Amino acid sequence: MNFPAELKYSKSHEWIKDNGDGTFTIGISDFAQDALGDLVFANLPEEGDAVTVEEAFGDVESVKAVSDVLSPVTAEVVEINEELLDAPESINEDPYGAWFIKVANVTETEELLDAEAYEAFCATEA
Amino acid sequence: MQLIFERSKKGRKLSLFPACDVPAFELDAPKRADAPKLPEISENELDRHYTELAKHAQGLNDGFYPLGSCTMKHNPKINEQAAALDGFTQVHPLQAEAEVQGSLEVIKRATDTLCEITGMDNMTLQPAAGAHGEFTGLLLIKAYHEARGDKKRTKIIVPDSAHGTNPASAAMAGYDVVSVESNEDGCVDLDKLRAVVGEDTAGLMLTNPNTVGIFDKNILEITNIIHEAGGLCYYDGANLNAVMGYVRPGDMGFDVIHLNLHKTFSTPHGGGGPGSGPCGCKEFLAPYLPGMTVVENNGVYSFTKAEHSIGDMKAFYGNFLVIVRALTYLLTVGKEGIPAASRNAVLNANYMKAKLEDIYPMAYDTTCMHEFVMSLEGMKHDIDVSALDVAKALLDRGIHPPTMYFPLIVHEALMVEPTETECKETLDHAIDAFRSTYEDAKANPERMHMMPMETPVKRLDEVRAARTPVVKFSFED
Amino acid sequence: MGSYIPNTEAEQLQMLKEAGFESFEDMLSVIPAEVKLGRELNIPEGKSELEVSREMKKIAAKNKIYDTVFRGAGAYKHYVPAIVNTIANKEEFLTAYTPYQAEISQGILQSIFEYQTMICELTGMDVANASVYDGATAAAEACAMCQERKRHTVYVSETVNPYTLSVIKTYCFGSNVDVKVVPACKCCGRTNTEKLAEMLDSESACFVVQHPNYYGILEDIETIEKTVHEAGAKLVMSCNPVTLGTLKTPAEYGADVAVGDGQPFGLGLAFGGPYLGYMATTSKMMRKIPGRIVGETVDTQGERGFVLTLQAREQHIRREKASSNICSNQALCALTASVYLAAVGPDGLKEVADQCVAKAHYLASKLTEAGLSLKYDKPFFNEFVTECKCADAVIDACAKEGILAGLKLSDTEILWCATELNTACEIEKVAAIVKEVC
């Protein structure tokens, strides 16, 4: 299982990357995609939408279930990954490359874990 | 199997219509560019096509259907005869009332009988399915609160064990859904319920027995809690087959209910419909009923519309021919037959449960009602055999699997509802099938993942079907 | 009493014991005494099959059946080929459950896939669902599909079937959405497209138009489509599917959602139900359409198979986030319609449509000769409205002769319908009756 060191993680299994230019990229972790199984669709917000910390901004569908994807921050959506809509399997194949949204104007952040702490957290969840 | 479009061949047809005996008329309107690619086929081929399809379908006539929460009881053939009578099938819904007294009588008698069985004062037969009935009932609740000028009641409470249509219907009625956790008995946790009830409670949706097949003893307390907070109580009638004739939702504190004629009242499932979902209510909600209700005056029936009716749930009066079937059933079983059905439904379920509980863990260790839930969580953990694997293995033994993965509060759930119309030998045979499946699973868990192996198709790739949906035939070949 | 309980009392007693109970009372003691009914139900005793058969026949005989029907208004009498009921009554189709266990339900799933394909062919659309309750609820569900973040208001033409409008209003009462009725042009009986343009704004979600409309008249869909899409809203077209055998399709017009009632396809009048709501849409809106959808896939051996797909839209998975609560639909009615469509084929459907048009226009000309006047002068399909001094007199006179005349719309207006079943003889006869009365 993969836990890239440069990312931060939420306890609800999303990852967030600081792009260094005021924007952040968000996706779901390897642990999440493994637990969810084969994903068939992702529902994303629209550009310009507001996202709220620890609230759902979208969801992912497997054949038999839907799971909310929660935002680690309060911010504004500046870009969505349209490719995800056509190729949801990329979330399973490459969870850290298959990003969901890019946000800016972050006003609130939840307490995030670094890679090491998240890996330890996942070990307790399994 | 060939698709009908693959059997189709240009020029094949049936000779159905005589030449037009009036002058042709060229309509001044834009026409479609190409004819629709409907099948071109002879009657012979058409007959064979659907015969082949029928061989790959499983009716109640083919075998036991122990689907929990579906009440797959026998569909009496006299019901079909009644529903095929010309007097019922050849009548236009917009004929004058004097010309359709028979149809009005069907609606009135079915309504009155179902009201007596459920303890309700009035009922609309307009909803076409259970979920439709739920939506109706919630709209009655909404209309009631709005008429009282009470706009702060925005929430409907739904137990986490509820059928998915419950919260979906509440959302369609514009309500926020508050989930209340069940306790370890599978019943409503009274403290948790009290904690979520308040001035914003429009109502509660509940079924009793609940979706794990247990009769919630606290029902009067539950409905009281809601009423005291100013909310109303909605009864999901899907499980009525467990208690009809012994208990009435109207006597348990429920204000509004729906019924599933295609479950409790023996009308056929049709491969997914048509059903019928009458919505019954107490007198104070009757002014809001949708559609037309029937009144009788000196033996003459007529339609009337509630004075503050919420409108219509669908066109006309409901799935009328389904209602005809249900009335036929009600006339057949009558006052003794209703409780006889429910007590035997409960007996058959307890009988099967008693014969399986030594090897299949029951989710709840108490007398069940008309259905019981087994949990294969232990099997999944110990030998990686899931509820799905067991269900698929039963297919090879000619038994339709029980309901899988419902309710959500039980992990790896299999819910079994035999119904009262099964004889002891059928139940014993099913019990043997469950037991031998268990033995096979223990002996060879790996093989269970490949089930079913004897069916015409094997496990289907549902991921592919969802990722790249192909939802119609492609003619470009 | 009539009973479907096979086990004898002796067997029941034995089973009780094996299940660990002394008696039924013992088993049912889980029900608290304070909620028990404690008395017999106040309904008649059960009856034998023969008695029930007689009783139902007696009730049915109280209805008046007309052989000659000139009434439509949302329920149409068409010829039902003999093969249709032979197939629709097969027990495997009639009594089967919803095909959730795909491996043993390929027959049902394939029949739904074929139905979906036929609806797509008729409407020109990319995806159709496995059915909803009827045409009116299909229109209401379509309005829900068209809801967007900033666009909620639903617009409906005054010219739709009154039930369609009523059901849309009831559904929108639930979803707290405003419904605005776009008026008809009094003289031509069609949607007032100028008013439509005025009324639509940046918060409009959709416009629902029926084509042909309730009065049988063909709407100016080209203008309506432009107007609706220019306003950024979506177009929902409700069509009697018989007309789609010849008329320009909703997809060709650029509609976003096509809905209607498939009752004319083999379902008979049946006093209003069960009927058949069809819904079809573009691939863009595929994930918004409610109800079941069957998709094609392969099994572990690479064999073609069919499954219920895109289930994550539905109530059993999304629960309160589902866009619709629909579970049971009109499956057997959809199968019936598929058999009908296969039996008539493309040529047969065109024949039915052409004859409906021809007979209706012949009826209109004969009725006007007999003294009625056509209310509207725009092209109609197979329904039209006449004006006369006394609608009741016309309808009553026809009834005496065993003819169900058109529907009374007001004291002076009648909505007539003709289908391929109406013969020249019947049409001439009704005209003769009208001539006497007027």
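Trainee: In which helix does B:Ala54 lie?

Mentor: B:Ala54 belongs to helix H2 of chain B. Helices (H or I, at least four residues) and strands (E, at least two) are DSSP runs, numbered from the N terminus. The model is predicted: local features need pLDDT of at least 70 and side-chain atom pairs count only at pLDDT 80 or more, whereas totals for chains, interfaces and linings use all residues. Residues are numbered from 1 along each chain as its sequence is written, and chains are lettered from A and ligands numbered from 1 in the order in which they are written.

Trainee: Is B:Ala54 buried or exposed?

Mentor: A residue is buried if 20 or more other C-beta atoms, placed from the backbone, lie within 10 Å of its own, exposed if 12 or fewer, and partly exposed in between. B:Ala54 has 20 other C-beta atoms within 10 Å and is therefore buried.

Trainee: Which residues does B:Ala54 touch, not counting those up to four places away in sequence?

Mentor: Two residues are in contact if their C-beta atoms, placed from the backbone, lie within 7 Å. On that basis B:Ala54 touches C:Lys90, C:Glu92, C:Phe93 and C:Gly107.

Trainee: How do H2(B) and H6(C) pack?

Mentor: Two packed helices are described by the angle between their axes and the distance between the axes. Axes are lines fitted to C-alpha atoms, for helices over the stretch in contact, and angles run from 0 to 180 degrees between N-to-C directions. Helix H2 (residues 43–55) of chain B meets helix H6 (residues 106–123) of chain C at an angle of about 135°, and their axes are 6 Å apart. H2(B) and H6(C) are therefore oblique to each other; angles under 35 degrees count as roughly parallel, over 145 as roughly antiparallel, 65 to 115 as roughly perpendicular and the rest as oblique. B:Leu53, B:Ala54 and B:Lys55 of H2(B) make the contact with C:Gly107, C:Gln110 and C:Ser111 of H6(C).

Trainee: How many residues of chain C are in contact with chain B, and how do they divide by class?

Mentor: On chain C, 167 residues are in contact with 169 residues of chain B. H13(C) gives the most to this side of chain C, with 23 residues. By class, the side has 81 nonpolar, 51 polar and 35 charged residues. Here Ala, Val, Leu, Ile, Met, Phe, Trp, Tyr, Cys and Pro count as nonpolar, Asp, Glu, Lys and Arg as charged, and the others, Gly among them, as polar.

Trainee: Which residues have the most contacts inside the largest nonpolar core?

Mentor: A nonpolar core is a set of buried Ala, Val, Leu, Ile, Met, Phe, Trp, Tyr and Cys residues joined through C-beta atoms within 7 Å. The largest has 345 residues, and B:Ile323, C:Cys143, C:Ile168 and C:Val236 have the most contacts inside it. Helix H13 (residues 331–370) of chain C supplies the largest share of this core, 24 residues. Leaving aside neighbours within four places in sequence, the contacts of B:Ile323 include B:Val106, B:Leu125 and B:Leu261.

Trainee: How many residues of helix H7 of chain C are buried?

Mentor: Eleven of the eleven residues of H7(C) (residues 135–145) are buried, so this helix is largely enclosed by the rest of the structure. C:Cys143 is among them. What covers the buried residues includes strand S3 (153–157) and helix H8 (162–175) of chain C.

Trainee: What share of the 477 residues in chain B is buried?

Mentor: Buried residues make up 61% of chain B. The secondary structure of chain B comes to 15 helices and twelve strands.
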